[in-house]
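Subject: Structure handover

Hello,

Here is the structure I promised to pass on. Please open it first, then read my notes below.

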Amino acid sequence: MEFETLVQSRRSVRGFKTEKVPRAVIEAIIESAKRAPSSMNTQPWHVHVLTGAPLEEVRRRNMEEMAGGAKVKRDIVSHGEYQGVHRTRQVDIAKKLFGAMGIARDDKPMRQDWVLRGFRQFDAPVSLVLTYDRVLDPGAVCHFDLGALCYGIVLAAWDRGLGSVINGQGIMRSDIVREVAGIPEDEVIMTCVAMGYPDDNFAANAVRSDREGNEEFVRYVGFAE
């Protein structure tokens with residue numbers, strides 16, 4: 001698939017089939033994605049691929065802890081709640097998703113169920129936990145590198161018929177992820193990518209988020225009119 005078509009067609013997937021993803025396919029995805037740009041070729045990333053019983057334990061315990069009122073415990077610093085235009089964009093996509101799923105504004109049980117799905121990584125059959133070497137903190141540059149790797153993963157997955165969603169909710173309790181997956185203390189857990197074959201009958205999978213027009217965030221300097 002040509003790159004532009006691949007980018008335009010890719011979307012976040014929040015409903016997955018139960019079909020297992022072969023290890024060879026994941027290895028091929030990572031083989032492609034690891035060509036992502038890396039500052040000074042430092043390649044600070046690590047990928048921990050979870051499936052089966054370990055993934056089930058992570059999502060069950062993460063969901064139970066968060067639903068029980070536990071505090072978020074992530075390795076990276078959080079920005080806190082979004083405000084202003086960032087909050088508006090967050091609300092806009094939530095409205096689209098709830099509309100597609102038929103979840104009314106006052107339907108608190110269904111809204112809560114949606115939140116819990118996020119804590120369960122949307123029941124995807126595979127989770128790729130992305131980490132970086134702690135020695136590189138404070139890590140703005142290596143965060144950039146992991147973002148490049150992450151986007152490479154989701155594009156390479158889409159090219160192979162797999163859907164994904166970059167899912168911070170699924171690792172709100174990073175201590176649980178670290179324990180179950182055996183992630184060393186010298187690695188910082190940044191995010192995870194929930195992955196599997198898309199369920200085309202899941203309504204939210206058809207939702208596409210809006211993007212601002214280029215004129216809203218792009219400036220051209222030094223170009224002739």
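**The second largest pocket**

The second largest pocket has a volume of about 420 Å³. A pocket here is an open set of points on a 1 Å grid over the protein atoms alone, where a 1.4 Å probe fits and protein lies on both sides within 12 Å along at least five of seven lines. The volume is the space filled by probe spheres set on the points, which are joined across faces, edges and corners.

This pocket is lined by 25 residues, and V21, T51, G52, P125 and V126 are the closest to its centre. Lining residues have an atom within 4 Å of a point. Elements α2, β1 (45-51) and α3 each give two or more residues to the lining. Helices (H or I, at least four residues) and strands (E, at least two) are DSSP runs, numbered from the N terminus. By class, the lining has 12 nonpolar, 4 polar and 9 charged residues. Nonpolar means Ala, Val, Leu, Ile, Met, Phe, Trp, Tyr, Cys and Pro; charged means Asp, Glu, Lys and Arg; the others, Gly among them, are polar.

**How to read the model**

This is a predicted model: local features need pLDDT of at least 70, side-chain atom pairs count only at pLDDT 80 or more, and totals for chains, interfaces and linings use all residues. Residues are numbered from 1 along each chain as its sequence is written, and side-chain values use heavy atoms, with hydrogens and water left out.

**Salt bridges**

How many salt bridges does a search of the whole structure find? It finds 14. Each is a side-chain nitrogen of Lys or Arg within 4 Å of a carboxyl oxygen of Asp or Glu.

Start with R23 and E27, whose side chains meet at 2.9 Å, N to O. They sit 4 residues apart in helix α2 (residues 23-33), so about one helical turn separates them. R23 is exposed, at 65% relative accessibility, while E27 is partly exposed at 43%. Exposed means over 50% relative accessible area, buried under 20%, and partly exposed in between (1.4 Å probe, protein chains only).

Next, R59 and E56 form a salt bridge, also at 2.9 Å, N to O. They are 3 residues apart in helix α3 (residues 52-67), about one helical turn. Is R59 buried or exposed? R59 is buried, at 5%. E56 is partly exposed, at 44%.

Last, E179 bridges to R61, with the closest N and O atoms 3.0 Å apart. This pair links distant parts of the chain: E179 lies in helix α7 (residues 174-181) and R61 in helix α3, 118 residues apart. Shared partners join E57, R61 and E179 into one network of salt bridges. E179 is exposed, at 53%.

Best wishes
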